[in-house]
Amino acid sequence: MKKFFQEIKSDIKFKSAGPGQKLTESVGEKAPREKPNQLPLRQPRQGPTDEAQMAAAAALARLEQKQPRARGPTSQDAIRNQVRKELRAEATVSGSPEVPGTNMVPEPKEEGSTHLAVPGVYFICPLTGALLRKDQRDSHVKEAIASHFSTDPVAASIMKIHTFNKDRDRVKLGVDTIARYLDNIHLHPEEEKYRKIKLQNKVFQERINCLEGTHEFFEAIGFQKALLAVPDQEGPEEFYVLSEAALAQPQSLERHKEQLLGAEPLRATLARQRRVFRPSPLASQFDLPADFFGLTAEEVKREQRLRSEAVERLSMLRTKAMREKEEQREMRKYTYTLLRVRLPDGCLLQGTFYARERVAVLYSFVREALQSDWLPFELLASGGQKLSEDENLAFNECGLVPSALLTFSWDAAVLEDIKAAGAEPESILKPELLSAIEKLS
C-alpha cells in the first residue's frame, strides 16, 4: 500500500514538472507552455431557498416604493400643451379603438348610412318655418330678419339688436340706454333737448353705436338724421331728431320701448323629428349621425378647460361625491340626445332633444302623441328608474345621453280601470301618427 501511494506522488510530480525538453535544445529556448485542456469541474450552485426568495421580493418592493413616481405636468403651460395635443389627436385620428378604462365618445356613423336612427340634427326657423341643418340656422335666421324689414321695420330692428349681437351684457346696457332716451321724451315732451340725440356723444358711441340694428331702430320709430349747429363750435354736428309725427304719438314710443326691453334673441328651434316605429328587437340600438357628437367653438373651449382641470386633479384623492360630480360633468359634453319611448303595444315613439332640456319636456312630447292625453302615465328609464315629471332634472343629469330607451307605463289608477274593462286599447297613439308608422332597421 505504501508503495502504491509513492507511485501516485511520483506521477503527480512528473506531470507538474512541465513539458519535456530534448537534450539537443539549448537551455535558453523554452517551449511554449500549453494550457491544460480540462478545467477542474465546479460543483453546481443550489438555488435560493423559499425564505431567500421572499426576502428578495420584499427588498425589491421597498426599493420601488422609494423611487420617485412620474408626475403629470403641473405648470399651466404644460397642461395647455397636453390638452392641445390631445384635442389635435382626437380631431385628426379616426377609427382608433376605444382605450379601456376611458370615457371616449363613440365614433359616429357616416351620414350616408341607411341605418342611422335619425338623418341628423335639424332646426326650424321661427319666421319662415324652413327646416335647416345645423350649419344653416344662423345665416338663414339673419336673412329672414333682414327680409322682415319690409313688413315690420320696428320688430325687425328689435330682432336684429337682440340676435346679431352676441354679448348679452353689452346688449342690455345699450337697450337700457335707448329706453332712457325714450323715457325722457315721454316724461318731458315739451322739452326740445330730449328729442335730439348727438351721434358723437361718448355714451351713444360706447353703448349704442357699437350694436347692430340700433340705427335701424331709431329710424323705424321716427328719428331722422340732421346736421345741427352746436353752440361754441364752428361746424355742425350730426343728430338724431324725433319727427313731429312720432312726437304726436307718445303711446307708440312707449309700446316700442316695451317691445325692445322684453325681446329675446331669435333662435331656430330644435326640430323634434318625431317618428313612430313598429315593435322591434333593435329598439335599444342607436346609430347616431355625426351631428350628435360635433362640438362648436364654445364647446371645444369648455372641453379644453375641463381637460386642464382633469390633469390637475390626477394627483388628488377624490371622494365619492367628487367622482359623481365629475361623471355628471362628463355627461354635459353632449348637446343633443335621441330618446325612444316603448309604448304598451311595443311601438316606439322617437324624438330629438337638447341634452340640457328637462324631463317635463319629454312628458309633454309623449302626451301630445296620445289619443287620451289627459290620462296620467309614467316613464321608466333602464333598470326601472322612474322619471318624475315634477323633478327639475335635465336629461344629461339623468344619464339619458346621447341616446336612451324608456318605457311607458300607465298610472296605477289607469291600470286598474284597464283591468276592469277587460282589454287594453290596440294603440294609444293618435291615428295620424299610426298612419305614418315605420319599420326600424
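Is Asp232 buried or exposed? At 85% relative accessibility, Asp232 counts as exposed, where exposed means over 50% relative accessible area, buried under 20% and partly exposed in between (1.4 Å probe, protein chains only).

Welcome to this predicted model, in which local features need pLDDT of at least 70, side-chain atom pairs count only at pLDDT 80 or more, and totals for chains, interfaces and linings use all residues. Residues are numbered from 1 along each chain as its sequence is written, and side-chain values use heavy atoms, leaving out hydrogens and water.

Asp232 sits in the loop between β4 and β5; strands here are DSSP runs of E, at least two residues long, numbered from the N terminus. Those two strands belong to an open, antiparallel sheet of three, ordered β3-β5-β4. Its edges are β3 (196-198) and β4 (223-228), each pairing on one side only. Pairing requires at least two bridges found by DSSP. Between β3 and β5 (residues 237-242) there are three bridges, in the antiparallel sense, and Ile197 stands opposite Tyr240 in β5.

| Residue | Phi |
|---|---|
| Asp232 | about 60 degrees |
| Gln273 | about 50 degrees |

Gln273 is found in the loop between β6 (269-270) and β7 (275-277). Another loop, between β11 (386-387) and β12 (403-410), holds Pro402. The peptide bond from Val401 to Pro402 is cis, with omega near -5 degrees.

Finally, the cysteines. With a disulfide taken as a pair of cysteine sulfur atoms within 2.5 Å, the count is zero. Cys125 counts as buried at 1% relative accessibility, while Cys210, at 35%, counts as partly exposed.

Technical notes: Helix = DSSP H or I, 4+ residues; strand = E, 2+ residues; numbered from the N terminus.
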